[in-house]
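Please keep the model open while you read. The points below go through it piece by piece.

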Amino acid sequence: MALFFSLIFYAWGAPQFVLVLIAIAYLNFLLVRLAERQRLEHRRKILFILAIGITLLSLLYYKYFNFIFHNLNGILFQLGAEEIEASVVSLPIGISFFTFQSITYIVDIYRKDQKQLLRFGDYLLYIMLFPQMIAGPIVRFSEVSKELISRNISLTGVREGWNRFVIGLSKKVLIANSVGAQADLIFQNTLTGIGTLEAWVGILAYSMQIYFDFSGYSDMAIGLGRMLGFRFPENFNYPYLSRSITEFWKRWHMTLGTFMRDYLYIPMGGNRVSSNARLYFNLTTVFVLSGLWHGAAWNFLFWGLFHGAFLVFDRVFLVRVLAPLKGARVPITFLIVIFGWVLFRLNSAAEFSAFYSSLLGFANSSSILLIEPHSLKVLGIALLLSFLPVSILENVFPRLFRLVQAQFGIKDLIVLGLFLLCAISIVGSDFNPFIYYRF
Amino acid sequence: MAVALSFPHWICFCEIWEQPLVGVYTRQDKPVLEISSLRSGKFQEDVSVYVTENISGYRTMIRLNNQWRYSLLNESAGSEVVIGKEGYLYEQAYIDAWTGKDFLGEEEIRSRTADLKRLQDTLCAGGVESFIVFAPGKGSYYPEYIPDRFMSVTGPTNYDAFKTEMDRLDVNYIDLRDWFLRMKDTSQHELFPKTGVHWSKYGELLAADSMFHYVGSRIRQPLPELVIGAVHLADTVCNDEQDAERLMNLLEDIPDLRMSYVNWHIEADTTQKKPRTIVISDSYFWGMFNLGFSESVLDHGRFWFYGNTVYPDAYYTDCTIEDLSVPLELFSSDVVIWISTDANLRNFPFKVPEKFYGE
């Protein structure tokens, strides 16, 4: 049933790609089955490499073909040569997560950490399970291998899952969408000129948007998975409370971090390389690739490079230099992160330059026109929720939390209230009437 | 969760008493399944919108959403309404007109005014009187309630530039905007409502009276008299005076000013010849048109809404000025009046000179 709904869910969103992904999944499944039958290790290895190659090639083709061709044509144009014509390749939704999860299956079987699945339906369920296929978290095969075959769906699990799903939905609908609208309004005007205050509101709004959007989707995926009897891994742990960029990557998109560590960084040598130069190279490479995984564009590469550079700085001097500042490391790290978000959000050198100029007060504008008061309220709530973990609130208001936990129904009422608020917000979000028709 | 899933059915009960949604918007037609639209994803988008719009309790959910956002966040969700200080409501266009954000530029305004002057002279030569009415705008009448963030960037305005140019070229106009502002502090009755973007019913009648007297002076004959009688204050505000608030589609009423309503009637001499008139106007003429002045004071007055849709013909059939001969229509009239609030000066004079000269 879960597989059926997953396929319908994907086919509804991307009907032209569902068969493509099923075909790639089937090819991987067969190659792994074939590999496991091999007695000779080198043949086994070749088949696993082939499976990884096909998976990565499909990602390269669907996600990076346009980017590569566009840049290739740019070079040819500069050299005065004729540009190559090619059709635009469409991107199947979820292919990034599809690829990484396929890799975890292939590699875990190759390493003999896990046993292969015997039924294609079980493998397809793992690859295309709808809660996490589109936006994560990246669920490694080892984390759900048993649940794919047999899982326990309990009333407690359904209740817990539902609560988690609604929290995630609230984060997305009530917070992310609201601050996102403010961020869009400001970022859209980057090149026409924005004031310093506008720039700061814009980048803070975007920082909150991306966090609540992404962590909201993760919560929804984890919640829905729980309702179906799966226990997906956590993906966020108050990342803006980090005291260094190194710590940030242990709290932000944690499943990507652990994937990159186990399937790329460690195979490259990890921390056990012969020289610091090689270590820094590995770190930078991993993060450049992480950046590009987010999107096929130069700004994502720069964003990855930005974080890779700070990871190197951390090791070289930054952690040591900032250590005496204790709690002040949190806002400093937050500042570094939000400066990085500018690269993630904008697309061109002109935009980077304009926005950073505004942020640093070099813009010739004191405009606050684009700052919407109602968005500031939501932004304030978002900042509070980002920097105030529930655990601290539990210590400050222990009686309240005990009451909510102990009294049957209070938590459910709160969750129900949030769900209803989300429902009416979703319904109301696209209703935009005019007083009169416009000409 | 079961309670949440039954939520739409609770809303059903609300639909018994709920009002239709206010405003101009398009509804999604029932999507038709086609392979091409399924592949492109358009069918799925249309289904999503269609299902949402036809969900049980849709209107109530819209109002609930708008109300909580207004009450808690002071946000006008989903509409073009801007919430000013102390609950005064504006449309963005009126604020842009006051701050000069919609300024067309000196050259453009000179060009449009020159076209208007040329047309006015052509019509005058053909025995047709014409003039412009600068109607007041909410933003220019109540600038003190405009949120501070909009005042951080100001510049030249279309109103100032058009008026300067019209003075220079001797274009006929009357400036009700300036008149309303001069009356603002002394008028015993509100000339603009708090939660609407058009002039008050009282202000509208004053404007109409002034306009018709000016028409009479131009054609040198008196028009049927608009007699303004007793004025009374009311505790409830009529719909026209809270159009912005109604557009927000809230559950609760926003407290308004006490507005004045007038007993009036038209005194007409049967021997009086009423002028055939075309009024080319934005929405500021709607009130006068709906009060029947196009028939009772003017002769078969036509209302060219934004210089496009022709009323009252458009009530019965699709009728725009594309269906007409603009020169014939204008030359068949005795008087042509342009009315524009400052917010619509960016579209003024509604491309009528171009259509007249066939450009």
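**Notes on the two chains**

1. Contact means heavy atoms within 4.5 Å. Take the contacts in chain A between residues at least 6 apart in sequence: 74% of them join residues at least 24 apart. For chain B the figure, counted over contacts between residues at least 6 apart, is 74%.

2. A word on the basis. This is a predicted model, where local features need pLDDT of at least 70, side-chain atom pairs count only at pLDDT 80 or more, and totals for chains, interfaces and linings use all residues. Residues are numbered from 1 along each chain as its sequence is written, chains are lettered from A and ligands numbered from 1 in the order in which they are written, and side-chain values use heavy atoms, with hydrogens and water left out.

3. Next, secondary structure. Helices (H or I, at least four residues) and strands (E, at least two) are DSSP runs, numbered from the N terminus. Chain A has 19 helices and 0 strands. Chain B has 16 helices and 10 strands.

4. Now the dimensions. The C-alpha trace of chain A spans about 70 × 70 × 60 Å along its principal axes. For chain B, the C-alpha trace spans about 75 × 55 × 50 Å along its principal axes. The radius of gyration is taken over C-alpha atoms, and the globule rule is 2.2 Å times the number of residues to the power 0.38. A compact globule of 439 residues would have a radius of gyration near 22 Å; the 24 Å of chain A agrees with this.

5. In chain A, 50% of the 439 residues are buried. In chain B, 53% of the 359 residues are buried.

6. Areas come from the Shrake-Rupley method with a 1.4 Å probe; for residues, only the protein chains shown count as cover. Chain A exposes about 21300 Å², and carbon and sulfur atoms supply 65% of it. Chain B exposes about 16300 Å², with 51% of it from carbon and sulfur atoms.

7. Charges come next. Lys and Arg count as positive and Asp and Glu as negative; His and the chain ends are not counted. Each charge is placed at NZ of Lys, CZ of Arg, CG of Asp or CD of Glu. Chain A has 36 positive and 24 negative charges, and their mean positions are 10 Å apart. Chain B has 33 positive and 54 negative side chains, with the centres of the two sets 2 Å apart.

8. Look inside. A nonpolar core is a set of buried Ala, Val, Leu, Ile, Met, Phe, Trp, Tyr and Cys residues joined through side-chain atoms within 4.5 Å. The largest has 134 residues, and those with the most contacts inside it include Y105(A), Y240(A) and W341(A). Helix α9 (residues 196-227) of chain A gives the most to this core, with 13 residues. A second, separate core of 95 residues includes L119(B) and V215(B).

9. V215(B) lies in helix α11 (residues 201-219) of chain B. Is V215(B) buried or exposed? V215(B) is buried, because its relative accessible area is 0%. Among the residues V215(B) touches, not counting those up to four places away in sequence, are F131(B), P275(B) and I337(B).

10. Finish with a contrasting site. P373(A) is in helix α16 (residues 373-387) of chain A. Its relative accessible area is 44%, so P373(A) is partly exposed.

How values were computed. Buried < 20%, exposed > 50% of the residue type's maximum accessible area, 1.4 Å probe, protein only.
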